[in-house]
Each structure stands twice: as structure tokens, then as C-alpha cells.
Amino acid sequence: MTSESKPEWLDQFDPRADSRIRTRVGSVRYRQVWIAAILAVLCSAVWMHATVGGTRATLVFSNVSLSLGAIAATGALGLLTAQSDVSDRLGWGLVSVGAGLYAVGELSWMGYELWVGGVPYPGLPDLFYLGGYPFIAAGLLTIAITRHRPGSVLRIGLDGVLVSIALLTVSWHFVLEPILAVSDVDRYTLWVSVAYPALDIVVGSVAFIVAANARAPRRVPITFLAAGVFVWALADSVFAFLSFGGGYVYNGFDTIWLVGYLAIALAALHPAAATPPSPTDRRRYEFWETVAPYAPFLLAMGVTGYAVSVGDLGPVGLGLAGTALLALVVRQSYVFHDASVLSRRLERNETTLARRNEELVLLNRIVRHDIRNDMAVVLGWGSELEDRVDADEREMLERMLNTTRHTIELTETLQAFSEAWDSDGSHEMTAIPLEKTLTETVERRREAYAGVDFDIGSIPRVDVRASPLLSTVFRNLLNNAVQHNDADEPRIEISGDRDDDTVRVRISDNGSGVPPDQRDVVFGRGERGLESEGSGIGLYLVDTLVTQYGGDVWIESNEAGGAVFVVELRRYRG
């Protein structure tokens with residue numbers, strides 16, 4: 001049963017579900033945080049629009065809510081820093097410092113507005129606000145390049161340059177040019193006002209590229225973080241614009257900043273935010289990573305085209321558009337170069353793989369024919385000797401014959417591996433009668449292990465979605481139950497049940513059982529595969545085939561002692 005299809009109430013009976021339970025509890029609390037954040041935004045919007053309690057009360061509410069939002073974002077990022085992988089800790093720590101400076105800026109703004117009677121612009125709050133940008137940008141860049149090869153870092157950098165120039169082009173037409181056109185303010189005020197949208201563009205571009213290059217499950221929280229930064233950029237740009245249009249006055253517009261703070265807090269509290277970066281080869285591009293920079297570029301070209309149509313394209317706007325085009329050409333040239341390198345590498349790997357496949361075909365032929373036939377001869381001659389040796393020698397002979405049978409079964413398992421995949425790598429599934437397949441397999445095991453009690457119970461008479469190798473699954477599980485059974489009188493019980501979509505077969509033994517911490521290892525699961533301690537090729541084949549069938553296999557404890565191997569298969573629907 002896959003984690004997507006298993007009912008949640010079954011998790012409490014699944015010894016492998018501890019981590020999933022913890023994640024689910026975290027998800028429930030996370031949803032509660034989401035609800036609280038939405039209610040806070042709605043409350044802020046209504047209060048600010050309706051001026052609840054009068055001007056003074058609304059002013060206090062605005063400052064307190066923004067300060068608390070900034071503090072919440074800082075606290076959540078600090079918690080994320082403490083819980084993150086070592087490779088991410090520096091990056092998230094720098095982002096936390098940047099958010100903390102923003103929080104100090106909000107507190108100082110509140111102090112000026114509530115107790116001094118007015119906020120100087122530019123002033124002390126701006127020092128803290130602007131001081132937070134470098135830390136946030138540096139932190140995001142550190143997160144972006146973690147565990148990347150130098151070539152990937154170069155591509156990420158080119159993407160960042162392209163996005164920055166594209167967003168700067170958009171901002172020039174709507175924010176920067178109108179601000180610079182103002183002549184009745186001092187130079188210091190003018191450049192501080194320009195610094196906000198300009199730095200927002202830099203940090204927003206970095207956040208955009210980090211989100212585009214993040215891979216599941218990190219992509220969702222990092223995308224939330226990028227969204228929060230872009231909300232900041234929107235609020236700062238509008239603030240800078242309003243500062244030259246009669247002055248900024250608190251209103252519902254303050255809620256935009258609150259949304260940005262809460263989005264960043266939600267990003268930091270996301271259950272997957274502390275997931276370590278993926279160790280996969282970053283030479284392989286994902287579709288989203290490749291096309292994401294086109295979105296801001298196309299937006300910039302659309303804005304430039306509009307400016308041309310209304311005759312409002314000046315030399316700076318034209319220069320920015322040309323620079324964006326040049327950045328796109330440089331970026332695509334590198335992507336094409338990297339793609340050609342990967343193509344040559346793929347060709348070499350295909351040649352090597354073809355040679356290895358030929359060697360494996362030869363090895364398979366040797367296993368299937370030479371070794372198996374020779375061992376069959378040994379088994380035949382050994383069986384002839386059973387009535388010609390005395391009792392003491394018969395015990396040694398029986399050990400030799402058991403070893404020979406095991407070797408023959410091993411060759412059958414290796415043959416099943418070669419047959420599990422057809423020549424083009426596809427897996428053809430068909431309707432396999434479960435009861436017939438299982439019954440015939442049990443009968444053959446009875447012949448091979450005459451001293452073992454095989455008790456087969458009720459088996460559903462249904463067809464399952466599998467291949468003819470399904471009998472190999474049950475043969476290996478039955479062999480494992482016998483070979484690892486240390487009971488004086490080995491007993492194997494086979495039963496089954498079904499529901500609307502699946503069928504479960506249980507193979508129970510009265511042996512010593514499998515410790516809970518070994519129940520995944522015995523199947524060869526994990527990064528080490530067959531090298532994992534305790535795994536065998538038979539159980540590895542079982543897990544491979546059942547997964548190929550779209551089912552699942554796991555181990556449960558047997559109340560009477562021993563282990564229960566549970567195989568879940570999908571019913572065949574035609």
C-alpha cells in the first residue's frame with residue numbers, strides 16, 4: 001500500500017508510520033497557523049478601512065500589528081535556523097538577521113509615530129529597513145548555491161541577472177522614473193526613496209531564483225518566502241510613490257506589509273522548510289528551473305512595448321530593455337553549452353551501458369544454463385546416495401543437498417530479475433489469478449520442504465494486476481519464512497483478504513521474527529540497496545516486483561511469535 005492510498009486511520013497500526021504521524025501532526029498545527037494568519041489579515045484590513053475606534057486607535061493598531069508581524073517572521077526564521085541542516089544554517093541565519101533588522105525598523109517607526117508625533121523621512125527606521133536587505137539577499141544566495149556544482153551556480157547567477165534587469169525595467173516605468181522626476185526634494189530623500197524599490201528588485205530577484213531552483217519538498221516553503229519578499233517590494237514601491245504624492249498616510253495599504261511578514265513566517269514554519277537540500281545531480285534541469293526566468297523577461301518586454309506604443313520610451317528604458325535582451329542571450333548561450341556537454345556525456349554513458357548490458361546477458365546465460373544444470377546434476381547424484389549412506393553420513397549429505405537446492409533457487413531468482421523487465425524497459429501487467437498462483441506455489445514449497453507445515457487458509461478468488469512473475473514473489477517469501485525459521489516444528493500460515501481496490505496476502509511464521517528497525521532494511525531499501533545489512537537478493541526482488549505492480553510489501557509482528565509478511569496488490573480492472 002502506498003502512502004498516498006493508505007487510509008490515515010491505518011497509520012496507527014503501521015510500525016513504519018511514526019515519521020508520517022509526526023508530519024501529519026505538524027501539518028494540522030500548520031493549518032491552524034494559516035487560519036490565524038488569514039484572520040489577522042482580514043481583521044487588519046477591516047480595521048484599517050473602517051477606522052475602528054477613531055484615528056488614534058487605528059494608528060496604534062496599525063503600528064502594533066506590523067511590529068508583531070515582523071517579530072513573528074523573525075521568530076519563525078530563527079526557529080527554522082535552529083532546526084535546519086548544517087548546510088542551510090548559515091543561509092537561514094542571515095535571512096533571520098535581515099528580518100530582525102526589519103522588526104527593529106518597525107518598532108522604531110512605531111516609537112516615532114506614537115510618542116514623538118511624526119516619523120522623519122529619511123530617518124532611523126529607514127536605516128534598519130535598508131540594512132536588512134543585504135542580509136536577506138546574502139542568506140537567500142547562500143541557500144540557493146548549497147550543494148551546487150560551480151556550473152549550476154553560474155547558471156543560477158545568470159538567471160538572477162536576467163530577472164533583476166527585467167524587474168528593474170518594469171520598476172523604471174512605474175516607480176523609479178516618476179520618483180527621479182521629482183525636483184522639490186533634497187538629494188538624500190530622493191535616493192533613499194529610490195533605494196527601497198531598487199533593493200526590493202535585487203532581493204525579489206534572488207528570492208525568485210531560489211524558489212525556481214528549489215526542489216521538492218523545499219520548493220513550497222521557499223516559494224512562500226519569495227512571495228513574502230515580493231509583497232514587501234510591492235508595499236515599498238507604493239510607499240515610495242506615495243511619499244511624493246502628498247505624503248504617506250496610514251490606511252488599508254498597511255495590510256500589504258502585514259501580508260508580507262506573515263507569508264515569510266508561514267514559509268519558515270512550513271513542515272518541509274527544514275528539509276536538507278537535495279543531493280541530486282544539479283546538471284539535470286527541471287522544466288520549471290529552465291523556463292522560470294522567462295516570466296519576468298516577458299513582462300519587461302510587454303511593458304517596454306506598451307511604452308513604445310504610447311511614445312513614452314526614453315533612453316534609459318530603451319537601454320534597460322536592450323540589456324535584458326543581452327542578458328537573455330548570455331543566459332541561453334550558457335544553457336545551450338551546458339546541454340551540449342550533457343549530451344556528449346549521455347552518449348558516452350549509453351555506450352558504456354550497452355556494453356554492460358551485453359556482459360549481463362552473457363552472465364545471465366551462464367547462471368541460467370551452466371551453473372543451474374551443473375547443480376541439478378549434483379542434486380541428482382546426491383539424491384541417489386541417500387539410501388547408500390549410514391545415519392551419520394546422511395546428515396552431512398542432507399546439508400549438501402539443501403545447499404545445492406538453495407543454489408538452484410538462487411539461479412531461478414536471478415533469472416526472474418532478467419525477466420522482470422522486457423527489452424524496452426516497460427512493464428506489461430495482466431490479470432493473474434491470485435488463488436491459483438498462490439496455491440500452486442505453496443504446493444511446490446511443500447515438495448521442497450517436506451518437514452515444514454504449510455497451512456493455507458482462505459484466499460480471495462480474484463485477479464490481481466501483476467505479471468507471471470508473481471509466483472516468484474510468493475516463492476521467495478515462503479523460502480525466506482522457512483530458511484530463517486529456527487522453531488523445532490516450523491509452521492507457515494498463508495491467508496488473504498480483499499477490499500474494493502486491493503488484495504492483501506499474509507505469510508506468517510513461528511520463527512524469531514524481524515526487529516522493527518530491520519523491517520525496511522531486509523528488503524534492501526534505502527540508499528545502499530542490496531548492500532544494506534540484512535538484505536537478501538530474494539527479498540530485494542520481492543520488493544522490486546511488488547513495487548512494479550503498484551503494490552506494497554511490509555512486515556508486521558505475529559502475535560504468536562515470528563513475523564508476518566504482508567503483500568498488498570491491486571485488483572485487476574481490465
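Reader: At what angle do helix H2 and helix H3 pack, and how far apart are their axes?

Author: Keep in mind that this model is predicted. Helix H2 covers residues 55-83, and helix H3 covers residues 86-116. They pack at an angle of about 165°, and their axes lie 8 Å apart.

Reader: Are H2 and H3 roughly parallel or roughly antiparallel?

Author: Angles over 145 degrees count as roughly antiparallel. H2 and H3 are therefore roughly antiparallel to each other. The crossing of H2 past H3 is left-handed.

Reader: How do the residues of the contact of H2 with H3 divide?

Author: This contact has 17 nonpolar residues, eight polar ones and four charged ones.

Reader: Now the sheet. What is the order of its five strands?

Author: Read across the open sheet: S2-S4-S5-S7-S6, with mixed pairing. Then find the edges. An edge strand pairs on one side only; here these are strand S2 (453-456) and strand S6 (552-557). On average, neighbouring strands of this sheet are turned by 20° against each other, direction ignored.

Reader: How many bridges join strand S5 to strand S7?

Author: Seven bridges join them. S5 spans residues 502-509, S7 spans residues 563-570, and the two run antiparallel.

Reader: Which strands does helix H13 lie across?

Author: Helix H13 (residues 434-448) lies across S2, strand S4 (491-498), S5 and S7. Against S2, H13 runs at about 165°.

Technical notes: Residues numbered from 1 in each chain as written. Predicted model: local features only at pLDDT ≥ 70, side-chain atom pairs only at ≥ 80, totals over all residues. Heavy atoms only, no water. Axes fitted to C-alpha atoms, helices over the stretch in contact; angles between N-to-C directions. Helix = DSSP H or I, 4+ residues; strand = E, 2+ residues; numbered from the N terminus. Parallel < 35°, antiparallel > 145°, perpendicular 65-115°, else oblique. Left-handed = near helix turned anticlockwise from the far one by under 90°. Nonpolar A, V, L, I, M, F, W, Y, C, P; charged D, E, K, R; others polar. Pairing = 2+ DSSP bridges. Contact = heavy atoms within 4.5 Å.
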